[in-house]
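Subject: Structure for your review

Dear colleague,

I am passing on the structure we spoke about, and I would be glad if you looked through it before reading my notes. The sequence and coordinates are just below.

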Amino acid sequence: MKKFSEVVDQNLGRLEQYVPVVAKVHGGTHPEFHDVKKLFDKISEKIKNIKSEKPNLDNELKQLREITKNYTVPDDVCESYESVYNMLEELDKSYKA
């Protein structure tokens, strides 16, 4: 399993690009994604503002798991939506490791 810092380096930039677009495209039919975006924005801010390898993200990741039903991808979404959930799940798993 990759270390948290590796997953952040690999995925954070892509997530910052994808999350706002997915919220705009799918937010109407999947309003829960607006909550995903808010939580991602908090996570991203904490990662950038805290110089330690692992900021405290326990609460945000717990909420993400609840909102996304453990990163279950809805049937009617695009590949970008699926990619966001996959990258968030990878971030979550590496954080717990």
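This is a predicted model: local features need pLDDT of at least 70, side-chain atom pairs count only at pLDDT 80 or more; totals for chains, interfaces and linings use all residues.

The largest nonpolar core has 26 residues, and within it Phe 33, Leu 64, Val 84 and Leu 88 touch the most other members. Helix H1 (4–26), helix H2 (32–49), helix H3 (58–67) and helix H4 (79–96) each contribute at least two residues to this core, and H1 gives the most, with 8 residues. If neighbours within four places in sequence are left aside, Leu 64 is in contact with Val 36, Leu 39, Ile 43, Tyr 71 and Leu 88.

H2 has 18 residues and spans 26 Å from its first C-alpha to its last, which is close to the 26 Å expected at 1.5 Å a residue. Its buried residues are Phe 33, Val 36, Leu 39, Phe 40, Ile 43, Ser 44 and Ile 47; seen down the axis of H2, these fall within an arc of 140°, so they line one face of the helix. An α-helix has 3.6 residues a turn, so residues three or four places apart point the same way. The buried residues of H2 pack against H1, H3 and H4, whereas the face turned away from the buried side carries the exposed residues Lys 38, Glu 45 and Asn 49.

As for charged pairs, the structure holds 8 salt bridges. One of them joins Glu 90 to Lys 2, with the closest N and O atoms 3.7 Å apart, and this pair links distant parts of the chain, Glu 90 lying in helix H4 and Lys 2 in the segment before H1, 88 residues apart. Another is formed by the side chains of Glu 16 and Lys 48, at 2.5 Å from N to O, and it connects helix H1 with helix H2 across 32 residues. Glu 16 is partly exposed, with a relative accessible area of 29%, and Lys 48 is also partly exposed, at 45%.

Within helix H4, Lys 96 and Asp 92 lie 4 residues apart, about one turn of the helix, and they form a salt bridge whose closest N and O atoms are 3.9 Å apart. Lys 96 counts as exposed at 54% relative accessibility, while Asp 92 is buried at 1%. Salt bridges that share partners join Arg 65, Asp 92 and Lys 96 into one network.

With best regards

How values were computed: Residues are numbered from 1 along each chain as its sequence is written. Side-chain values use heavy atoms; hydrogens and water are left out. A nonpolar core is a set of buried Ala, Val, Leu, Ile, Met, Phe, Trp, Tyr and Cys residues joined through side-chain atoms within 4.5 Å. Buried means under 20% relative accessible area, exposed over 50%, partly exposed in between (1.4 Å probe, protein chains only). Contact means heavy atoms within 4.5 Å. The expected span of a helix is 1.5 Å times one less than its number of residues. The arc is that of the directions from the helix axis to the C-beta atoms. A salt bridge is a side-chain nitrogen of Lys or Arg within 4 Å of a carboxyl oxygen of Asp or Glu.
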